[in-house]
Amino acid sequence: HRGLPLSMAENTVEGCKAAVAAGATHIEIDAQFSKDKQIVIMHDSDVSRTTDYVSGEKYISNMTLDEIRQYKVCKTSTGFEVDACEIPTAEDFFIAFKDSPVVFVFEIKNSNPELVTELRKLIEKYNFWDRITVISFSGTVLENMHRDLREIPIASLSGFAPKDFENDSKFYNAYNAIGDITNGSFGNYVYYESTLKDRGYMSFCWT
């Protein structure tokens, strides 16, 4: 989850390499989208929490990659300062891990459809077809993925909050997505086990 976020700068190539060295086979990272259409790997939509930028909010979507890279990721997910790392792009990750079997669980945070277009270009360029799964809380992102990048498995992080089979099944069938059974109002997962599992609905457990 974001590499090794308790001991290293989160969502960095360095942190994820350390996670793989520690035995991780799957790495979850978060995708934002810059003003100049670069897929930037950062959990938050602004750079203030994890970088050395300290005066207010600075949103990734309003900056170019060059502007974003004025700052360095220098904090863990709990706010401890650690060695500074460059703010990475998705392409940086694909280059760094192209010879590794690690699978990326790629959470898309920005619903701009051009992010999916750019992601497809990178997957094709680095042949990452079997090494990425996309997850998102956003129905718009699932729709974008199903329309433009349907070769990649997708999962909704929203769970099945209504516990309404008719509506839940329509939503997940529309995007050929699976659902996160750890979110929503599952309680003890009875709804999934009794209503969805036997009908062939797969589950996804964050993270």
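**Strand pairing and overall form**

Colleague: In which sense do strand E1 (residues 26–33) and E2 pair?
Modeller: Three bridges join E1 and E2, where two strands count as paired if DSSP finds at least two bridges between them. Their sense is antiparallel.

Colleague: Thanks! What sort of model is this, and how are residues numbered?
Modeller: The model is predicted: local features need pLDDT of at least 70, side-chain atom pairs count only at pLDDT 80 or more, and totals for chains, interfaces and linings use all residues. Side-chain values use heavy atoms, without hydrogens and water, and each chain, as its sequence is written, is numbered from 1.

Colleague: Which residue of E2 is the bridge partner of alanine 31?
Modeller: Strands of a sheet pair through backbone hydrogen bonds, either parallel or antiparallel. For alanine 31, the bridge partner in E2 is isoleucine 41.

Colleague: Which strands stand at the edges of the sheet?
Modeller: The open sheet has seven strands with mixed pairing, in the order E2-E1-E5-E6-E7-E8-E9. Two of them each have a single partner strand, so one side of each is left without a neighbour in the sheet. Those edge strands are E2 (39–41) and E9 (203–204).

Colleague: How many helices and strands does the protein chain have?
Modeller: Both are DSSP runs numbered from the N terminus: helices are H or I with at least four residues, strands E with at least two. The count is seven helices and nine strands.

Colleague: What is the radius of gyration of the protein chain?
Modeller: Taken over C-alpha atoms, it is compared with a globule rule of 2.2 Å times the number of residues to the power 0.38. With 207 residues, a compact globule would come near 17 Å, and the chain agrees, at 17 Å.
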